[in-house]
Amino acid sequence: MKRSVLSTALGLALAAGLAVLPATVASAATPGPAVQGYTPSTYAGSAAEAADNQAFFHAVMASAKAKQAANPWLQTVTVTYDTASAPSFTSQISQAAQIWNSSVSNVRLQASSGTGDFSYYEGNDSRGSYASTDGHGHGYVFLDYQQNQQYSSLRVTAHVLGLPDNYSGPCSELMSGGGPGPSCTNPYPDSNERGQVDSLWSNGVESVN
């Protein structure tokens, strides 16, 4: 996930979400420099960014497994999210959740009135937007102000549910992120991405340790 442009697998995350802003996110409250452009064809994402995305997704999956164990009759995993610390993006996050809920069947995103399975935060960070964990099994998504002025906020917040980034992909591919440039505003996953998410959430719950 490219943090300095359109990153964010807003990758998604669950049983006891973050109660306080993790120290790594709290440090992002100070203004960072303007988001810089990059050449999509030469950027493939760093190993650290990929690790953060994986850690975030596994935090979500571990919580999902706990939910399934407590409610074995559930056919669809419900992932709750908390937007209290990202009030500027509440509308876009809600729309992104609606898009995924109408696109896949094995996982459902739902806003929480309290602490969610994962939390959104907003602020300024020179790294851009990103998903990560607090190191204690919980996930969070950070939304950078400057990046969201340059790129479609709906496309940024719709970057979710564990798929890897593919910066060389077309605008029709949601996980191509910032690759197609700021003019790309498509917030919808393509058929291949929808199938991958349904497969992840159908089979992944049983495989998370």
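Colleague: What is the mean pLDDT of the protein, and which helix has the lowest value among its elements?

Modeller: This is a predicted model, and the mean pLDDT of the protein is 74, with 73% of its residues at 70 or more. Among the elements, helix α1 (residues 23–26) has the lowest mean pLDDT, 47, whereas α3 has the highest, 95. Residues 1–21 stay under 50 throughout, although the model has 123 contacts beyond four places in sequence for them. The pLDDT is also below 50 over residues 26–43, a stretch with 35 contacts in the model beyond near neighbours in sequence.

Colleague: Which residues of α3 are buried, and which exposed residues does the face turned away from them carry?

Modeller: The general idea is that an α-helix has 3.6 residues a turn, so residues three or four places apart point the same way. In this structure, α3 covers residues 90–103 and reaches 20 Å from its first C-alpha to its last, close to the 20 Å expected. Its buried residues are Ile93, Ala96, Ala97, Ile99, Trp100 and Ser103. They lie on the same side of α3 because they cover an arc of only 155° around the axis, while the face turned away from that buried side carries the exposed residues Gln98 and Ser102.

Colleague: In what sense does β1 pair with β2 and with β3?

Modeller: As a general point, side chains in a regular strand alternate between the two faces of the sheet. Here, β1 (residues 77–85) pairs in the parallel sense with β2 (residues 107–111) over five bridges, and Thr80 stands opposite Gln110 in β2. With β3 (residues 118–123), β1 again pairs in the parallel sense, over three bridges, and Ser85 stands opposite Tyr121 in β3.

How values were computed
Residues numbered from 1 in each chain as written. Predicted model: local features only at pLDDT ≥ 70, side-chain atom pairs only at ≥ 80, totals over all residues. Heavy atoms only, no water. Helix = DSSP H or I, 4+ residues; strand = E, 2+ residues; numbered from the N terminus. Expected span 1.5 Å × (residues − 1). Buried < 20%, exposed > 50% of the residue type's maximum accessible area, 1.4 Å probe, protein only. Arc of directions from axis to C-beta. pLDDT = per-residue confidence, 0-100. Contact = heavy atoms within 4.5 Å. Pairing = 2+ DSSP bridges.
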